[in-house]
Amino acid sequence: MVTAKARAVDGPDKSFYETEIQRRDLDINDILIEIKISGICHSDIHTAHGEWGPVNYPLVPGHEIAGIVTEVGSNVSKYKVGDRVGVGCMVDSCGECKNCQKGEEQYCLKGNVPTYAGVDKYGEPTQGGYATHIVVTEDFVVRIPDNIELDAAAPLLCAGITTYSPLNHWGAGPGKKVAIVGMGGLGHMAVKIASAMGAEVTVLSQTLSKKEDGLEFGAKEYYATSDPETFSKLAGTFDLIINTVSAKIDMDAYFSLLTLDGTLVNVGAPAEPLAVNVFSLIGHRRSFAGSMIGGIRETQEMLDFCAEHNIAPKIEVISADRIDEAYERVLASDVKYRFVIDISTM
Ligand SMILES: [Zn+2]
Ligand SMILES: [Zn+2]
């Protein structure tokens with residue numbers, strides 16, 4: 001067993017504290033990773049606060065993990081000691097169902113094993129990346145290209161793939177008009193990736209406060225959704241809308257922005273059901289869809305795409321004793337655009 005230093009939380013209203021956790025002995029297909037950087041995702045906060053259902057505390061969150069391979073099992077073929085690698089939102093799946101067979105492990109029919117707050121095949125609770133080490137089967141590890149720094153790579157493992165996958169699936173590219181709703185951790189990645197894919201990108205954000213950044217990230221237009229004129233002006237415009245907002249919004253207003261056969265994809269996950277007036281879909285054969293992270297093969301493809309196009313998230317590096325403060329700032333939308341924890345401060 002490897003003892004890892006970690007930061008854990010004991011309950012919905014509790015602060016993070018220093019602790020130690022045990023990582024399993026390496027199985028023949030396992031890799032031991034020394035974690036260098038761990039991103040802070042909004043999902044970590046929802047989970048730590050118990051907002052997505054009951055949690056078995058203590059909880060060590062973190063599913064944007066970047067580090068170095070320090071040991072490999074006897075059967076590992078893809079990675080060797082010293083390799084720069086990443087782990088995202090899942091660490092295992094059944095490998096046999098039709099979705100796993102297609103490389104869409106995130107949609108495993110038996111349920112994928114989430115990186116934290118899950119139960120692995122040994123029956124043990126999974127603990128995430130706010131820790132110095134993690135053991136993962138090699139099939140759920142991705143390679144970080146040489147020209148992406150580890151601190152920039154980490155947020156790609158959740159925010160990057162969560163936005164890359166629907167943009168890729170629904171064909172964002174030259175000649176396509178794509179709108180990104182929300183300019184937070186997910187939204188700013190979506191803007192960068194969609195524009196690198198060649199789409200014409202518009203940001204729809206509550207205010208114009210991040211307009212300069214949005215245009216710098218590659219957006220062509222930037223509109224405030226607090227201005228009702230935005231919706232009349234842009235009616236029927238977009239082939240694809242990626243909604244990164246996890247709060248309840250007026251879906252019909254956003255559907256009205258889609259062109260014939262346009263699709264609105266939710267990657268944000270509001271806890272409450274959303275109201276939909278079906279007339280706003282049937283009028284122009286519009287679709288309302290959802291998408292969740294991406295498979296391992298697609299995650300590697302996304303990293304290689306980001307390396308090729310020099311795409312990196314905009315990050316703020318913090319020490320491990322500032323996680324609580326970072327959570328508060330994320331909830332106050334006071335982050336540009338992703339916190340990552342320097343694990344050497346653990
Ligand atoms: Zn996440
Ligand atoms: Zn499966």
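Two residues are in contact when heavy atoms of each lie within 4.5 Å. Keep that in mind as you explore this predicted model.

- Helix α11 spans residues 323–331, and its buried residues are Ile323, Ala326, Tyr327 and Val330.
- These four cover an arc of only 105 degrees around the axis, so they sit on the same side of α11.
- What lies over them? The cover for the buried residues of α11 includes the strands β1 (2–8), β3 (30–40), β16 (315–318) and β17 (338–342), along with helix α1.
- Just after α11 comes serine 333, which takes a positive phi of about 55 degrees.

**Histidine 63**
- You can find histidine 63 in the loop between α1 (42–48) and β4 (65–72).
- Is this residue buried or exposed? Histidine 63 is buried, because its relative accessible area is 8%, and buried means under 20%.
- Leaving aside residues up to four places away in sequence, histidine 63 touches several others, among them Cys41, Asp44, Cys89, Tyr116 and Cys158.

**Helices α4 and α5**
- The axes of α4 (residues 159–169) and α5 (residues 185–196) come within 8 Å and cross at roughly 50 degrees.
- That angle makes α4 oblique to α5.
- The crossing of these two helices is right-handed.
- On the α4 side the contact is made by Ala159, Gly160, Thr162, Thr163, Tyr164 and Leu167, while α5 brings Gly185, Leu186, Met189, Ala190, Ile193 and Ala194.
- Sorted by class, this contact has 8 nonpolar and 4 polar residues, with no charged ones.

Conventions: Residues are numbered from 1 along each chain as its sequence is written. Chains are lettered from A and ligands numbered from 1 in the order in which they are written. This is a predicted model: local features need pLDDT of at least 70, side-chain atom pairs count only at pLDDT 80 or more; totals for chains, interfaces and linings use all residues. Side-chain values use heavy atoms; hydrogens and water are left out. Buried means under 20% relative accessible area, exposed over 50%, partly exposed in between (1.4 Å probe, protein chains only). Axes are lines fitted to C-alpha atoms, for helices over the stretch in contact, and angles run from 0 to 180 degrees between N-to-C directions. Angles under 35 degrees count as roughly parallel, over 145 as roughly antiparallel, 65 to 115 as roughly perpendicular and the rest as oblique. A crossing is left-handed if the near helix is turned anticlockwise from the far one by less than a right angle, and right-handed if clockwise. Ala, Val, Leu, Ile, Met, Phe, Trp, Tyr, Cys and Pro count as nonpolar, Asp, Glu, Lys and Arg as charged, and the others, Gly among them, as polar. The arc is that of the directions from the helix axis to the C-beta atoms.
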